[in-house]
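Subject: Structure handover and notes

Hello,

Here is the structure, with the sequence alongside. My notes follow below it.

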Amino acid sequence: MVDINNNSGMYSDFNALNDLKVESKNATAPTLKKVAKQFEAIFMQMILKNMRSSNELMSGDLFKSSQTDMYNEMYDKQMAMNMTSGLGDKIAEFLQNNNHGPVKTLEQSDLGTPAVSDAKGLNPLMQMMKQGINKVKAFTSQEDFLDALTPLAKKAAKNLGTDHRLLLAQTALETNWGKDIIAHNNGRSSNNLFGIKSTKAWEGESVVTRTHEYVEGQKTAQYSPFRSYRSLDESFNDYVTLLTKSSRYQKLEHTSSPEEFAKELQSAGYSTDPKYADKLINIMSRLPE
């Protein structure tokens, strides 16, 4: 039997899943929180595992081996433990209000679906977990959006050597004009304006949400971790750092127009959307000088 009161235990131990269901059946409120936390970590780990599999499918991995697989699994477990999505509190509340019924039906096979196209027929707990992914509406209109972000866009564009309207177009595309900014489950905004995902190099906070990727030309719904910032200004600053420090985007420095900048962004792999550059250029053309 797994000791859920032992903080040194790995929250992502799949072998403990059945024990968790037994423990949660007659658990007190404090114990339920510990059980919910472990379910949360398992869910996060499955998201990371599926995201890694999707990335390998799209890009391939010439250096893949049993050693790298082991390292990646260890990294994913640690990241799952560190990511703070707030989902555990929602799970605990759900279990208390529903007499723990859904826990009996939660199987590892259910947890294997989060990074695949939306699946029907999920048990109530899994449905609740999927509904816990939030967006926040930070602006009431396109005018408010442009008024607030134009100064930040001009500052960032100056450092990148491009038109600030292109950056505004990108934030508009990534956030639906500030109406769908990724948020934590407690409603706190991630302030992520450019859709930048978390990587091994990211040392800040992360938040998981549903996104769409194009895999072999097919649009597929997935769950991925994204970076979270303390402010909108910090989001712009990180975007500039990403494009100026990463070797992937070194050709951007030599672009002569915002249209070329947008096309090079897509060529460098910023987005898997095959029409990403065209969408940016179209939005930019409709923005005021």
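Which residues does Pro288 touch, not counting residues up to four places away in sequence? They are Leu146 and Arg165. Please keep in mind throughout that this is a predicted model. Pro288 is found in the segment after helix H11 and is exposed, with a relative accessible area of 55%. Pro288 and Arg165 are 123 residues apart along the chain, yet their C-alpha atoms are separated by 8.1 Å.

Confidence

The chain has a mean pLDDT of 73, and 54% of its residues reach 70 or more. Confidence is highest in helix H8, at 98, and lowest in helix H5 (residues 108–111), where the mean is 31. Over residues 99–132 the pLDDT is below 50, although this stretch has 73 contacts in the model beyond near neighbours in sequence. Residues 1–17 also stay under 50, and for them the model has 38 contacts beyond four places in sequence. Where pLDDT is low, the predicted coordinates should not be read in detail.

The nonpolar core

The largest nonpolar core has 40 residues, and those touching the most other members are Phe236, Tyr239, Leu243, Leu265 and Tyr270. At least two residues of this core come from each of H7 (142–160), H8 (164–175), strand E2 (181–183), H9 (232–245), H10 (258–267) and H11 (276–285). H7 gives the largest share, eight residues.

Phe145 lies in H7. With a relative accessibility of 0%, Phe145 counts as buried. Leaving aside neighbours within four places in sequence, the contacts of Phe145 are Phe139, Leu168, Thr171, Ala172, Thr175, Trp177 and Gly178. One of these, Thr171, is 26 residues from Phe145 along the chain, and the two C-alpha atoms are separated by 9.6 Å.

Tyr239 and the aromatic residues

Tyr239 is buried, with a relative accessible area of 0%. Not counting residues up to four places away in sequence, Tyr239 touches Leu160, Leu167, Gln170, Phe194, Ile196, Phe261, Leu265 and Tyr270. Phe194 is likewise buried, at a relative accessible area of 0%.

A search of the whole structure finds eight aromatic pairs. In the pair of Phe194 and Tyr239, the ring centres are 3.8 Å apart and the planes are at 10°, so this pair is stacked. Because Phe194 lies in the loop between E2 and strand E3 (206–215) while Tyr239 is in H9, the pair ties together parts that are 45 residues apart in sequence. Both residues belong to one aromatic cluster, formed by Phe194, Phe236, Tyr239, Tyr249, Tyr270 and Tyr276.

Helix H11

Which residues of H11 are buried? They are Tyr276, Ala277, Leu280, Ile283 and Met284. Seen down the helix axis, the buried residues of H11 fall within an arc of 130°, so they line one face of the helix. These buried residues pack against H8 and H10. On the face of H11 turned away from the buried side are the exposed residues Asp278 and Ser285.

Regards

Key
Residues are numbered from 1 along each chain as its sequence is written. This is a predicted model: local features need pLDDT of at least 70, side-chain atom pairs count only at pLDDT 80 or more; totals for chains, interfaces and linings use all residues. Side-chain values use heavy atoms; hydrogens and water are left out. A nonpolar core is a set of buried Ala, Val, Leu, Ile, Met, Phe, Trp, Tyr and Cys residues joined through side-chain atoms within 4.5 Å. Buried means under 20% relative accessible area, exposed over 50%, partly exposed in between (1.4 Å probe, protein chains only). Helices (H or I, at least four residues) and strands (E, at least two) are DSSP runs, numbered from the N terminus. Contact means heavy atoms within 4.5 Å. Rings of Phe, Tyr and Trp (its six-membered ring) pair if their centres lie within 6.5 Å; planes under 30 degrees apart count as stacked, over 60 as edge-to-face and the rest as tilted. pLDDT is the predictor's confidence in each residue, from 0 to 100. The arc is that of the directions from the helix axis to the C-beta atoms.
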